[in-house]
Amino acid sequence: MILYPHLDVNTAGHLSIDGADAVALAREFGTPAYILCEDVIRENCRTYLNAARRAFGPDALPLYASKALCFTAVYKLVAEEGLGVDCVSGGELYTALRAGFPAERIYFHGNNKTDADLQMALDMGVGTVVADNCDELEALEALAAKAGKTQRILLRITPGIDPHTHRAISTGHVDSKFGSAIVTGQAMEISRLALSKKHLVLAGFHCHVGSQIFDVEPFRDAAHIMLQFIADVKTETGFAATELNLGGGLGVPYTEYDRKIDYAAVIAEIGEIVRERSAALGIVAPRIILEPGRSLVAAAGVTLYTVGSVKQIPGFRNYVSVDGGMPDNPRYALYQSQYTALVANRAGEPRDFVATVAGRCCESGDLIGEGMALQKPSRGDILAVLTTGAYNYAMASNYNRLPRPPVVMVKKGEARLAVKRETFEDLVRNDCE
């Protein structure tokens with residue numbers, strides 16, 4: 001096993017991804033290429049769904065935070081597994097609709113939804129809009145009134161929690177572009193405003209404290225703060241929230257040094273906290289919603305590259321350049337995110353060569369990682385970077401006019417194309433003469 005059970009070394013000494021030879025995949029689909037193990041995603045969906053129902057009751061609903069990885073086939077897969085989905089843009093809504101995702105199980109997020117976005121949600125019959133601010137409430141009320149519809153909503157609330165993750169992925173503190181803060185009084189203010197609207201039905205509240213969290217404490221704190229807020233709103237307005245969305249953010253191991261999380265155990269602990277705290281506050285425990293994204297799809301992914309050059313600078317460092325880089329994986333450039341990599345065609349050999357893995361872009365910051373332990377590669381070798389299922393394809397760009405890689409789904413050794421590789425013609429398709 002290499003980091004995860006679905007990764008191994010086969011009899012040829014190659015990396016095996018759920019029984020599929022990584023070198024053969026690179027030969028068939030080219031590189032760079034995103035490889036996704038379908039059964040890993042399905043198993044993670046089932047873990048969340050079963051654990052949530054045990055912890056919170058039969059109406060508990062995990063939502064797939066699809067900003068982590070969004071394309072038609074993954075929406076179909078998540079729908080088949082019985083989860084809801086969290087969308088944050090018109091494009092994600094459109095893709096979910098195209099995939100046949102049940103609109104009533106869609107929650108529509110975003111801190112700056114345009115009028116067109118809100119109208120699209122109304123037209124689609126999206127089950128729940130998670131309203132971020134007062135301006136959005138007013139716009140949604142006007143659009144719903146014009147359409148003669150009533151829209152179910154949650155309000156995004158900022159609980160004021162620092163989960164000790166990277167600042168760029170921490171969203172629960174007071175100074176945030178997301179939501180309305182409790183400590184400033186704005187959360188109570190927006191609650192009163194929502195309750196005054198004739199075409200909006202407030203069901204409850206939402207919060208999200210951050211991402212890549214390895215401890216239960218931030219979720220425990222969020223549950224305590226949000227349940228207290230629910231009790232305060234009931235005291236001041238008479239409104240009894242029936243739903244509390246505690247967001248997502250549980251982390252995944254990217255290297256052998258990262259902690260592994262028992263997601264079911266964490267969910268069970270959150271369930272105990274919700275029941276105990278609700279009873280202490282004298283409120284009915286609300287329906288609990290969770291929003292896993294990274295923890296559903298990250299481990300399923302492997303990105304395959306072809307090595308172009310190996311440069312050794314005596315007294316400094318070694319560079320291994322590959323045929324992809326920050327356009328297909330910007331996370332190191334953005335967050336200095338750590339990854340595990342190996343030479344797929346020599347996966348069983350010791351990783352005793354330390355190098356910086358560099359991309360092909362004309363940008364000094366175009367790196368996949370620094371100080372990475374690899375088998376010493378040669379030109380033409382296949383380099384595999386692990387745990388790339390989340391925020392890789394989803395954040396991919398065409399920087400340096402590079403076509404985006406394909407997405408290949410693997411299941412028990414069989415591979416199928418889920419997203420085609422972009423072509424040069426695709427790059428100029430929308431150009432005007």
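Tutor: Thr 387 is buried, with a relative accessible area of 1% (buried means under 20% relative accessible area, exposed over 50%, and partly exposed in between, with a 1.4 Å probe and protein chains only). The model is predicted, so local features need pLDDT of at least 70 and side-chain atom pairs count only at pLDDT 80 or more, while totals for chains, interfaces and linings use all residues. Residues are numbered from 1 along each chain as its sequence is written, and side-chain values use heavy atoms, with hydrogens and water left out.

Thr 387 sits in the loop between strand 19 (382–386) and strand 20; helices (H or I, at least four residues) and strands (E, at least two) are DSSP runs numbered from the N terminus. Leaving aside residues up to four places away in sequence, Thr 387 touches Leu 3, Tyr 4, Val 252, Pro 253, Tyr 254, Ala 298, Ala 299, Gly 301 and Tyr 339, where contact means heavy atoms within 4.5 Å.

A pocket is found on a 1 Å grid over the protein atoms alone: whereas a cavity is a set of points where a 1.4 Å probe fits but cannot get out, a pocket is an open set with protein on both sides within 12 Å along at least five of seven lines, and lining residues have an atom within 4 Å of a point. Grid points are joined across faces, edges and corners, and a volume is the space filled by probe spheres set on the points. The second largest pocket holds about 460 Å³ of space. Its lining has 18 residues, and those closest to its centre are Tyr 4, Pro 5, Val 40, Glu 43 and Asn 44. Helix 2 (38–56) and helix 9 (263–281) each supply at least two lining residues, and helix 2 gives the most, with five. By class the lining comprises ten nonpolar, four polar and four charged residues (Ala, Val, Leu, Ile, Met, Phe, Trp, Tyr, Cys and Pro count as nonpolar, Asp, Glu, Lys and Arg as charged, and the others, Gly among them, as polar).

Strand 20, at the other end of the Thr 387 loop, comprises residues 407–411, and four of its five residues are buried, so the strand is largely enclosed by the rest of the structure. Two strands pair if DSSP finds at least two bridges between them. Strand 4 (residues 33–37) runs parallel to strand 20 and is joined to it by four bridges, with Val 407 of strand 20 as the bridge partner of Tyr 34. The pairing of strand 20 with strand 21 (residues 414–419) is antiparallel and spans five bridges; Lys 411 stands opposite Glu 414 in strand 21. Two residues separate these strands in their hairpin, where Lys 412 takes a positive phi near 50 degrees.

In one of them, Glu 243 and Arg 152 bring their closest N and O atoms to 2.6 Å. Glu 243 belongs to strand 12 (residues 243–245) and Arg 152 to strand 9 (residues 151–158), so the pair ties together parts that are 91 residues apart in sequence. Glu 243 is buried at 0% relative accessible area, whereas Arg 152 is partly exposed at 27%. In another, the closest N and O atoms of Asp 215 and Arg 259 are 2.7 Å apart. Asp 215 lies in the loop between strand 11 (200–206) and helix 8 (217–237), and Arg 259 in the loop between strand 12 and helix 9, so this pair ties together parts that are 44 residues apart in sequence. Asp 215 is partly exposed at 36%, and Arg 259 is likewise partly exposed at 47%. Lys 411 of strand 20 returns here: salt bridges that share partners join Glu 38, Arg 42, Arg 46, Glu 80, Glu 81, Lys 411 and Arg 416 into one network.

Terms used:
Salt bridge = Lys/Arg side-chain N within 4 Å of Asp/Glu carboxyl O.
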